[in-house]
Each structure stands twice: as C-alpha cells, then as structure tokens.
Amino acid sequence: MASLSSSDRASYRASILTKHLTQRHLSPLESSSTSLESSICAQYSPPELTERTIGFDVVEMRKLMDGHNWEDRDWLFGVMIQSNLFCPRNRGGRIFVSPDYNQSMEQQREMTMKRVEYLLERGVFERWLTGSGVDDEMRKFAFLEICGMFDHSLAIKIGVHFFLWGGAVQFFGTKRHHDKWLKDSENYAIKGCFAMTELGHGSNVRGIETITTYDSNTGEFVIDTPCESAQKYWIGGAANHATHTIVFSQLIINGNSQGVHAFIAQIRDGDGNISPNVRIADCGLKIGLNGVDNGRLWFDKVRIPRENLLNSVADVSPDGQYLSAIKDPDQRFAAFLAPLTSGRVTIAVSAIYSAKISLAIAIRYSLTRRAFSVSPNGDEVLLLDYPTHQRRLLPLLAKTCAMSFGANYLKRIYVRRTPEANKTIHVVSSAFKAAFSWHNMKTLQECREACGGQGLKTENRVGHLKGEHDVQSTFEGDNNVLMQQISKALIGEYIAAQKKRKPFKGLGLEHMNDPCPVIPSQLTVSTVRSSQFQSAIFCLRERDLLSRFVTEVSQYQSQGESKEKALILSYQLAEDLGRAFTEKAVLQTILEAEASVSDGSLKNVLGLLRSMYALISLEEDAAFLRYGYLSPENAAVVRKEVTKLCSNLRPHALSVVKSFGIPDAFLSPIAFDWIAANSWSSVSQ
C-alpha cells in the first residue's frame, strides 16, 4: 500500500469502510444467506453462547482447586452479596459488589469495621478461636479466603485479629491466657493487634529494640521504647480500633537479655481512650489497604501484670527467675516463631485467589472483545484467538491452577502440624508465600494490560488489586529473604545427611537418594509432556543447585569467611535453589491432584495445565540453560511446545475460569456485557 498515491489510499480506505458498514456478521446458520444488513456497532455476545465447550466437570474441578468447604464458601458469598454494606451496584443489568475506593481513608476504615461487625452478627467467626480440630481450622481458612476476594483490607483486618493476635494467644500462651482472652477476642469484646515490626527492624526479628524488664517488687513487667527506631510500625488495627496488642520485646532479666518474648498489653479502653504511657500515631495513606488502620506505637515504661507474658516457651517466676525447658537460645527463638507461619499460609492462599479473580475477568473479556480483522472483509478477531494474547494469559492460568493445589497442600500440612513438621511447614510456607505473591503481582499486571484501557477503571478491579496486594511481597517476611531461608534450610539438611551418612529424609529431598536423572539429548513432544520427564528435570535442577550451593559456601568458608557471610555471598545460587525447591514442590501437588482423578476429560485438562506449568517454568528460569540441564536446541523444543499448549488450552479457558467458583458479582462489568455497562443509560445509575 506504500506505493499507492494519496488519492488511491483514500479510495481504498473508503471501500474498506463501506464494506464494514454494510457487512452483517452472520451466524453459522445464516451463512448461506446473501442478504446484507447494516451493522456498524460492536455487539456483546456471552461467551457461554459462542464458545465451543469441550466438556469436563467444572464442579469437580472447583472441588479440586478450592479443596474444602464449598458449601460454606457459597453461603458466605450470599451473605455478603445481600447486604448494602458490601456496596452492591447495578452495571449493565448485573449486580456487582466491591469496596467503594472513592471514600476517604477514614471512611474506608469505618466501613471495614462495620463489615466485620456484620459478619460477626451472622456467626461467621464462631469457633475461630474457641474451636479445635481440622474442620474448624479449614472452615476458618475458607471464610477468610472469601473475605479477601471481596476486599483485601477486610481479610487483613480479620487476619490480624484472629490469626496474629488470636493465634499468638493460642500458641504462645497457656491455659490462663486461653481462658481469659480467647472467648472475648472471638466475640470482639477485645480487639487485638500484633506489634512485632519496628521502624528499625522488620524481617530481622531478633534485632528488635523494644525492651521489657521485670520488677519483682510489684510483680510487673515494664515495657519501654528506648529510641525512635524501636517504635512499633505498620501495626494493623493500632491506629483506630485495637484495644490490646501482642508486644514483641527483648526480655531483660537481672541485666541479661533472654531474647525476644511476647507480652499482652492494653493500648485502649473499651471507649477508645488511649491507655496511660502509650502513644499512638497513624501510618497514614498507603498505595493500598486503606481500609486497614495501620498505626505506630510507643511504650513509655508501660506496666503489665507478670501473667501477661505469653509463657508456653518460657516464664518468669514471681521472684524474677527466668524459666525455660529450652536452654538453647536459638532453639527457643525458633520455638517462638514456629506458630507465626499462619500469616504466610494465608498470604500465599490469598495471592492465588487474587490471581484467579484477575484471570477470570481478563479471560472473559478476551472472549467477547474483538480487535482488528485479518482480511479486508473479515470479522474482527476475538482477543483470545490471537496467539500473543494466549501466550500472555494461558501460562499464567496454568500456573495459578498449579499453585492452587500447592496452596491446598500448605493448608493441609499446617492444620495437621506437629512439632516434628514445624521445619517443613516453615520452609514450604516461606517458599509458597514468596512465589505465589510474586506470581500474583505479575498476573495482575498482565491482566491489567490485557484489558486495555478498561483495566484502569477501579470498578473493573484488576488494576486496583495491584495496589491492594503489593504489600504481600514484603509483609510477613520479605520475599527475597524468605527464598534465602529456604536455601539455608536445604543446605542444613544436606550437611546433616552427609555427616550422618544417612539417606535424605524430609523437605522433599528424598529424590536425592536415587541415581541422578538423565535428560535425553534430543527432546520430543511426547517426552516434554510426560510427567516423568518433568519431574526428572525439576529434581535434577534442585539436586545440582544444592550441590553447587554447598560447594560455593564451603569455598568461601575455606577462604576465611564465616558461615553466615559465606551464605550471603552465595546469594545468587541461594535464589536459584529457592526457586527450584518451590517449583518442584508445586509440580508435585498438581501431579497428586491429577493422579486422584479417573481417566477422562478432567484428567486430560489437568494434564494440559500441568504440562503448561512445567514447561513455562523451564522456559522462564535461565538456570536450565545456564547450568546445562537443557541444551539450546532442547530449550527451543520447550518454547515451541508452550505455544502448542496455548492452542490446546484455548478451548478450555472459559471452563477453567468458571471452575474457580467465583460468583459473577465478585468479578467486574468487563467480564460480562461491557457495552451495556458503559451505555448512556448506565450513567444515571
């Protein structure tokens, strides 16, 4: 067309426009008709009517991915949708619920608290702190997940009170604390928060600077903020609503530091008046989570009863003697931190449900929104029929499904925890929290872009969810620090097994007792899609990286570096190893889900999702090429197969997002009739 004159180009464009104005998009049944009818406007057609369904049981798929408490989840969805507190609005003839982010920070906080009170009145929190057993814990997880799908602020507000404050009383405390605090906390007669993070110390809990001493004359502990960097920071609930807090502090007895301990302190009375010698300031406006009242706390020699020390690990006698059955300070510190894994568990799960929401919206939109035609007279093409669009969204869809099975596994091992399993829970929760929250942010950004300009609108959720979930990368442990903790745990297992000359047992390292996997020199389509190959190359990567990590750390130590410095200097291998451990663990969970299903269409779809998860992981991690697990030629085979898998998954995309079980009201207008939702008649609604 570049060779045409300006008048010829104008004539050509006019002819194309004329055809567009006179052409009617015919259904297959009408395609034999030659009549023409003007249709100059885009039309919305529900994807359920236009998509050729290749059936698998969507309900069974949902049960696999949710994992538990499906009826309870649906009940709570209904409880929320029917209340005006959850901001129902009509857009395009459909009702949607989501927070009103146009409200001020103060209004958002008060609305969050009103929603908590509404859920309390309807019995949502029954047995959250006074119950016991797996069923109660799994129901609690399910309800928190639903709250988070509506609003991350609501889930964080609830999570701080029940999982952090309440969990600390449960796990750090003993019967005297349970009897005094748990029932009132469950009923919100007491509103709790959790004061661990300080201005000067976040991930390094051992370094916190708040000091607590014991006064044997009065039988009281005295909590003090000795410097500005010791102020408690980002404390959810502290700015407006909390009446009590768990204070993490260095315990000083007879001039000797006994390390970090946890205490209960009152910061307000029931009328909201701040307690004597406590100072509270607001953290202010944030890029998200403005429905949570994060605050800062200073303690000016605040006195609390001796009984307010949470004493499951250590105690102080009335005459001031320090008592603990765990003599080793490192082991004692580990025992203190073990119960805190619940925060990482809930973050990992929340991240996956956020990714599900964004993918459900973006994929439904891409199945109804058209752009450009590939021929002058052709229909415009659905976004999801473009290979580039498939490449953007469908690998993320497969990863989200695989990680959903990983999240369920994490919940299962957490609710069945034993002291022997604490290390595994710590490592897996650290791995999944980091990987899943990073994945969520990547997914939200890609879905925002895939929705074009509509992704910028707050009512369409995807764009705004980025700001709401960004915090997940750093709270409850900085993701980069957590990934290094994984590698540190793995090297500890490796060295212990070598010293004892015993087989590997635990942390999923049992595969290292077997011969090293051998990867074929030339990969075929059938090979790369086989679960045996996928498991083998993931295991090969982990065992080789662990061996390299051990060697590099040892080399630094032989040069005179301390073990801690050697670990820090080996950070690149540590990060590669952390990723290898995490991705192999997730692959194992989707393999187990696939194995639990009988042969048929559902198993076939799970196989496609599993292969996509495995192969996109191979493609995205440079370690496979860097260390020679894949040759450049085999990497090219993997890349081509990812493209084929996109095409294979395309017909299942709608069914997969429907299997997420998210009610229409929890999605957004662009997931449905986006034309009606933006019509002139909607302006007055």
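Buried, in this talk, means under 20% relative accessible area; exposed means over 50%, and partly exposed is in between, with a 1.4 Å probe and protein chains only. This is a predicted model: local features need pLDDT of at least 70, side-chain atom pairs count only at pLDDT 80 or more, and totals for chains, interfaces and linings use all residues. Residues are numbered from 1 along each chain as its sequence is written, and side-chain values use heavy atoms, with hydrogens and water left out.

Let me start with helix 14. Helices here are DSSP runs of H or I with at least four residues, strands are runs of E with at least two, and both are numbered from the N terminus. Helix 14 covers residues 479–500, which is 22 residues. From first C-alpha to last it reaches 32 Å, close to the 32 Å expected at 1.5 Å a residue. That expected span is 1.5 Å times one less than the number of residues.

Which residues of helix 14 are buried? Among them are Leu 482, Met 483, Ile 486, Leu 490 and Tyr 494. Glu 493 is on that list too. An α-helix has 3.6 residues a turn, so residues three or four places apart point the same way. What covers the buried residues includes helix 10 (341–366), helix 12 (422–450) and helix 16 (531–558). Helix 17 (563–569) and helix 18 (571–595) also take part.

Now the ends of helix 14. Asp 478 caps the N-terminal end: a side-chain oxygen lies 2.9 Å from the backbone nitrogen of Asn 480. That is a polar contact, meaning a pair of N or O atoms within 3.5 Å; within protein, one must be able to donate a hydrogen and the other to accept it, and residues adjacent in sequence count only if both atoms are side-chain atoms.

Glu 476 is partly exposed, at 26% relative accessible area. Just after the helix comes Arg 501, with a positive phi of about 55 degrees. Arg 501 is exposed, at 78%.

Next, a helix pair. Two packed helices are described by the angle between their axes and the distance between the axes. The axes of helix 11 (residues 387–415) and helix 19 (residues 601–620) come within 8 Å and cross at roughly 110 degrees. That makes the two helices roughly perpendicular. Axes are lines fitted to C-alpha atoms, for helices over the stretch in contact, and angles run from 0 to 180 degrees between N-to-C directions. Roughly perpendicular covers 65 to 115 degrees; under 35 is roughly parallel, over 145 roughly antiparallel, and the rest oblique. Contact means heavy atoms within 4.5 Å.

Three strands form an open sheet in the order 6-10-9, with antiparallel pairing. Strand 6 (232–236) and strand 9 (278–282) stand at the edges, each with a single partner, so one side of each has no neighbour in the sheet. Two strands pair if DSSP finds at least two bridges between them. Strand 9 and strand 10 (residues 294–299) have five. In one of these, Arg 279 has Trp 298 as its bridge partner.

Thr 225 counts as buried, at 10%.
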